[in-house]
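Biologist: I'd like to go through this one together. Can you say what stands behind each label as we go?

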Amino acid sequence: MQKYSLLSLVRHGLSGHKGWQPLWRQPALKPAYDVVIVGAGGHGLATAYYLAKEHGVRNIAVIERGWLGGGNTGRNTTIIRSNYLFDESAALYEHAVKLWEGLSQELNYNVMYSARGVMMLAHTVHDIQSFKRHVHANRLNGIDNEWLTPEEAKEFCPPLNISKDIRYPILGAALQRRGGTARHDAVAWGYARGADALGVDIIQNCEVTGIRRGPDGAVTGVETSKGFVATKKVGVVAAGHTSVVMAMAGLRMPLESYPLQALVSEPVKPAFPCVVMSNTIHAYISQSDKGELVIGAGTDAYTSYTQRGALHIAEHTLDAICELAPMFRRMRMLRNWGGIVDVTPDRSPILSKTAVPGLYVNCGWGTGGFKATPGSGHVFAHTIARDEPHPIAAPFTIDRFRDGVLIDEAAAAAVAH
Ligand SMILES: Cc1cc2nc3c(=O)[nH]c(=O)nc-3n(C[C@H](O)[C@H](O)[C@H](O)COP(=O)(O)OP(=O)(O)OC[C@H]3O[C@@H](n4cnc5c(N)ncnc54)[C@H](O)[C@@H]3O)c2cc1C
């Protein structure tokens with residue numbers, strides 16, 4: 001793999017920058033693989049990367065019906081945090097945050113991880129109680145989270161309006177300083193580049209249309225728009241389309257798919273130093289390195305596979321942003337877009353073997369899976385390679401919905417990302 005460094009920059013500069021290689025190959029689909037991953041989002045690519053790097057599996061295909069990173073990975077608002085309530089979730093998301101902290105070095109690719117702090121605003125007595133509970137639970141798990149008064153919140157984020165005469169005054173905030181953002185495309189590209197260098201074939205513009213099973217019920221391969229591929233292990237990492245892909249093997253998933261949208265403003269000078277989220281009035285905001293305000297909304301109320309959100313949701317969110325930070329009232333919005341998120345009944349992901357031998361599933365990240373990308377790929381690779389869950393993934397099996405052992409993060413997830 002070509003190494004990115006100051007030295008290579010100088011060397012390529014001297015030769016007119018003509019020697020840079022493409023980040024990944026465009027290989028032809030082979031007739032058989034040891035493992036096939038369905039979906040080249042961040043989670044699928046990370047899974048392939050760790051399968052190759054840590055488990056020595058080299059004959060892997062990642063099959064993507066569009067372009068890599070074109071699903072939710074390239075559409076999200078990139079909020080990263082690990083301040084979840086329950087021990088199981090805290091362990092999973094904290095595993096990811098620890099990997100984020102060294103990811104650019106690990107991949108030799110700048111994923112622009114920026115630990116600028118994520119602040120969650122409290123507007124009601126219930127919010128205060130709930131967030132303080134999170135602060136205490138997180139600290140018991142060794143995860144940083146602290147409670148701020150409205151004045152301390154404003155000191156950390158000066159554009160905030162802490163006046164008492166607005167609809168939902170800010171009564172305090174929980175701050176995770178190690179939370180922040182990363183560049184979403186760079187994460188997909190970095191993992192794709194790393195996986196490709198380890199021999200993984202990334203096949204774009206190729207849709208998986210069927211999952212073939214043998215007489216014993218085990219997976220024998222996948223049908224694709226480019227032909228049949230034999231394999232004994234399939235990892236489905238298809239986010240909003242997981243139910244569709246799993247139905248190809250005859251499995252029904254406890255998932256609902258909703259459109260979730262985001263929007264960005266015209267770019268301005270650095271004005272907003274951190275990430276701010278408000279579950280109660282349904283909005284969250286940060287500023288990208290290009291200067292755009294990145295604004296997220298809630299899901300639509302109805303299930304759909306349309307990658308477009310309803311206008312009234314965007315309006316409601318902008319209402320909230322104008323109240324939280326009135327200095328943005330006159331800014332113009334540049335564009336908006338949507339993704340399809342897969343939501344489980346307890347708002348926690350599924351990282352699991354299934355009743356079909358050789359079929360594994362990584363899904364249910366809902367509105368908040370970007371932050372988990374490195375950790376999710378890491379533990380899911382273990383699950384596939386060893387055919388047994390990684391200890392961190394063990395509570396997130398699909399069986400929890402049968403056994404009633406739910407990990408109910410609804411309060412932590414809600415609109416939050
Ligand atoms: C607007 C929005 C804002 C969000 N904000 C945040 C946030 O701030 N923080 C956060 O942590 N999370 C956020 N999320 C959620 C986050 O984006 C997702 O949880 C995460 O990116 C999922 O990654 P993935 O790799 O599983 O899925 P994806 O990136 O969606 O990848 C799945 C891939 O599977 C492919 N696929 C589907 N069916 C097939 C098939 N039959 N054959 C082949 N390929 C197939 C798709 O084309 C897609 O590329 C947000 C999501 C949206 C939509």
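Modeller: Helices (H or I, at least four residues) and strands (E, at least two) are DSSP runs, numbered from the N terminus, and the expected span of a helix is 1.5 Å times one less than its number of residues. This is a predicted model, where local features need pLDDT of at least 70, side-chain atom pairs count only at pLDDT 80 or more, and totals for chains, interfaces and linings use all residues. Residues are numbered from 1 along each chain as its sequence is written.

Biologist: How do you know how the reach of helix 3 compares with the expected one?

Modeller: Helix 3 (residues 87-101) has 15 residues, and from first C-alpha to last it reaches 21 Å, close to the expected 21 Å.

Biologist: Which residues of helix 3 are buried?

Modeller: Buried takes 20 or more other C-beta atoms within 10 Å of the residue's own; 12 or fewer is exposed, in between is partly exposed, and C-beta atoms are placed from the backbone. Among those that qualify in helix 3 are Leu-92, Tyr-93, His-95 and Trp-100. The buried set packs against strand 3 (79-80), helix 4 (103-107), helix 5 (125-140) and helix 10 (373-386).

Biologist: Why is Thr-78 called buried?

Modeller: Thr-78 has 24 other C-beta atoms within 10 Å, so it counts as buried. Its place is the loop between strand 2 (60-63) and strand 3, and its phi is positive, about 65 degrees, although Thr-78 is not a glycine. Most residues other than glycine have a negative phi.

Biologist: And what makes Arg-347 buried?

Modeller: Arg-347 has 22 C-beta neighbours inside 10 Å, so it counts as buried. Arg-347 sits in the loop between strand 17 and strand 18 (350-353), with a positive phi near 65 degrees.

Biologist: What does Leu-45 touch?

Modeller: Contact means C-beta atoms, placed from the backbone, within 7 Å. Leaving out residues up to four places away in sequence, the partners of Leu-45 include Val-62, Leu-68 and Tyr-191.

Terms used:
Two residues are in contact if their C-beta atoms, placed from the backbone, lie within 7 Å.
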